[in-house]
Amino acid sequence: MRDKHYTRREFIRNLSITAIAGMSIPLLSACTKEEVEDFLQKHFLEMTEEEKKRLIAKLEERYQQKYGKKFQISTKEAQQDTLWGYGLELSRCIGCRRCVYACVKENNQSRYKRQLHWIRVLQLKRGNLINLENSEHYYNPDTVPEKGYVYLPVQCQQCQNPPCVKVCPVHATWQEPDGIVVVDYNWCIGCRYCIAACPYKGRVFNWGEPNIPVEELNTSVHYLGNRPRMKCAVEKCTFCIQRVRSGRYPACVEACPTGTRKFGNLLDPKSEIRYIIENKRVFRLKEDLNTDSKFYYFFEG
Amino acid sequence: MEKLRETLKETWHFYMKTLNLVARGSKAYYAWCLLLLAVIIIGFIYYLKQHDVGLFATNMNDQVSWGLYIANFTYLVGAAAAAVLLVIPSYVYHFKPIKEIVILGELFAASSVIMAILFVMVDLGRLDRFWHMLPLIGKMNFPQSLLAWDVLALNGYFFLNILIPVYLLVKYYYRKDPNWKFILPFILISVPWAVAIHTVTAFLYNGLPARPFWNASILAPRFLASAFCSGPAIIILIFQIIRKVSAIHLEDSALFKIAELIAYAMFLNLFLLGSEIYKEYYSHSVHIAAFEYLFEGLHGHNLLVPWIWSAMAMNVIAFFIFLVPSTRRRLTTLNLGCLLIIVGVWIEKGPGFVIPGFVPDPLGEIHEYIPNLLELMVSFGIWALGLLIFTLLMKVAIPIVTGEFTHTEYEKEVTGLRHR
């Protein structure tokens, strides 16, 4: 064998081969079995019952591995003759944001490096309500409510005529028979057209990998609701689909200390929400846009 | 068998010759291509980072959810549309050489569409799920979603703008007359299709009542008017370069005529913008907020103000340069006008159009957006890729058009010509 003297050409060649090999490792290892499965996953509404079952089993196993916790993933469908509606009594809201944080916890929203909120509470100077340009989103006094202000909580208004569903190029978001607008997080391509279309800022985006401390995870989840999510897909309030389809109130309704928040079935003439609509002075945000929202604000009297 | 061998030989010849054409050139050509390649590689490396961590790597957020990428996309769709619309005046005014103008315009349109589509792709959070948008294979929301319309319109336009020049070039390569009965319908349909892609892109924004800044019916006409300024301005510059580096002869008068048309388009563009400004400022409803943010700043937030005013100044100066015959007909002022328009219109309908749609947001929050280094680098990378594609296309297409690069049968003739 010859002496091992590298010529410059050999050195450059070896260096480039090593570089190419080195670069292909992340590319190849990027295609794990999980990712191939995800890549080929069908749209939720096109899956058979059997396929849904397999998907749920797979997800439960994955969550077990990732978080070391046993998840209950429901795919419970809408109940017959239900159309969920929400009532919010503005004269009672004190702006404490307990609903915001109850929602974050219940629905497994990302906590750090973009904390996501599905509910926003706006602080408005008394005398304003419709022009939100002077609203304060990040008010932070020692105690609430502050004198001279009113508070306007806003979340997805579950429009009966939702602009977000209309614009989605891939049907990744749709309205369920009980009126809840849901997202198939595994079908969303992350184009954010729905965010541009929503007049209520009802949608938020996981700009990076969502981030939740394991001990704070809520393991009772719905596939179309609060299951742990991935980066770069859109998400939104689902009226706590995992709760309301099992006969419970949304987390924000339960968390509110002042009884501001009401919830019920619009098709049930004896429900609280129907009582409110028939007996209180209700209005809906941006009614002029004809979104026909199912989120009714009202005042006492 | 003999025929097959002949075809294979000819194909081989074509490929080798193409390779030769692309790989050889002047020092300036090498420098240009290497520069573009370097920018592409840098852009790609930055994109890999974005792909890894998600759109978190950009400066976009829930308030301003579209940024520099979508701004560039909007601008490039306009450039692509205008390149083909130039075919109409070329026929009307008998620009010489028309055949070159058509081929060049369509190849430029194809390159612009590639860039526009790439800008949408890098903006997608989940590029891995891109196939969900494909008709039949995925679950395309057609005809409800305007984005679905845009995918169809842009791809159809891309197909047309590849088919037509490739067909014509193949015919010229074989020194045969094109079968006009076959190709003319495609050329004719590419003109309304050009209008369509830009209209659909305007409607994409236009149909959102949540964003009053975009929700103005004047939008599609404005888009077309501004595209008819920036597209031809780019073409004028490209024509001059091509004329310098190739055997194609292009009369000055054609350039001056295009410049005159730009002046009319710019007048229309400024007029339409003026109409919008009048309506917003005279009625002075709450919907004026985005205009105020853009032109004078809102509650102390005024990031876009210097940009839009520079754009306004550039557009108005360019309008006068192109309106006055003596400045229009001098190459130095003509080129200055073109540069002013390219930049001015980019600001006006790129960032100056996309960002105010999000400021203030529907709940009144004001969040200012400025692209970060990564977004800039990825954008430069895509622009460089588009320019490289166009350069290489030109490197092959021009010799075919001039007859230098041709079927083996006629090769001797060409070399004979050259020696004489």
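Trainee: Which residues in α1(B) meet α15(B), and which residues in α15(B) do they meet?
Mentor: Bearing in mind throughout that this is a predicted model, the residues from α1(B) are Thr18(B), Leu21(B) and Val22(B), and across from them in α15(B) are Leu392(B), Lys395(B), Val396(B) and Pro399(B).
Trainee: What does that contact look like by class?
Mentor: The contact of α1(B) with α15(B) has five nonpolar residues, along with one polar and one charged.
Trainee: And at what angle do those two helices pack?
Mentor: Helix α1 of chain B, residues 2–23, and helix α15 of chain B, residues 373–402, pack at about 120°, and their axes are 9 Å apart. Because of that angle, α1(B) counts as oblique to α15(B), as the roughly perpendicular range stops at 115 degrees and the roughly antiparallel one covers angles over 145.
Trainee: Is the crossing of α1(B) and α15(B) left-handed or right-handed?
Mentor: The crossing of α1(B) and α15(B) is right-handed.
Trainee: Switching to the core, how many residues are in the largest nonpolar one?
Mentor: The largest nonpolar core has 194 residues, and those with the most contacts inside it are Ala80(B), Ala116(B) and Phe119(B). Helix α5 of chain B, residues 98–123, gives the most to this core, with 16 residues.
Trainee: What does Phe119(B) touch, then?
Mentor: If we leave out residues up to four places away in sequence, Phe119(B) touches Tyr69(B), Asn72(B), Phe73(B), Leu76(B) and Ile382(B).
Trainee: How many residues does each chain put into the contact between A and B?
Mentor: Chain A brings 42 residues to the contact, and chain B brings 37. On the side of chain A that touches chain B, the elements that give two or more residues are β3 (120–125), α5 (163–167), α6 (193–197) and β7 (203–205) of chain A, and the largest share, four residues, comes from α6(A).
Trainee: How does that side of chain A divide into nonpolar, polar and charged?
Mentor: The side of chain A that touches chain B has 26 nonpolar residues, with eight polar and eight charged.
Trainee: Last topic, chain A itself: how many helices and strands?
Mentor: Chain A has nine helices and twelve strands, and its C-alpha atoms fill a box of roughly 100 × 45 × 35 Å along the principal axes.
Trainee: What share of chain A is buried?
Mentor: Of the 301 residues in chain A, 41% are buried. As for its contacts with a separation of 6 or more, 65% of them join residues 24 or more positions apart.

Notes: Residues are numbered from 1 along each chain as its sequence is written. Chains are lettered from A and ligands numbered from 1 in the order in which they are written. This is a predicted model: local features need pLDDT of at least 70, side-chain atom pairs count only at pLDDT 80 or more; totals for chains, interfaces and linings use all residues. Two residues are in contact if their C-beta atoms, placed from the backbone, lie within 7 Å. Ala, Val, Leu, Ile, Met, Phe, Trp, Tyr, Cys and Pro count as nonpolar, Asp, Glu, Lys and Arg as charged, and the others, Gly among them, as polar. A nonpolar core is a set of buried Ala, Val, Leu, Ile, Met, Phe, Trp, Tyr and Cys residues joined through C-beta atoms within 7 Å. A residue is buried if 20 or more other C-beta atoms lie within 10 Å of its own, exposed if 12 or fewer, and partly exposed in between; C-beta atoms are placed from the backbone. Axes are lines fitted to C-alpha atoms, for helices over the stretch in contact, and angles run from 0 to 180 degrees between N-to-C directions. Angles under 35 degrees count as roughly parallel, over 145 as roughly antiparallel, 65 to 115 as roughly perpendicular and the rest as oblique. A crossing is left-handed if the near helix is turned anticlockwise from the far one by less than a right angle, and right-handed if clockwise.
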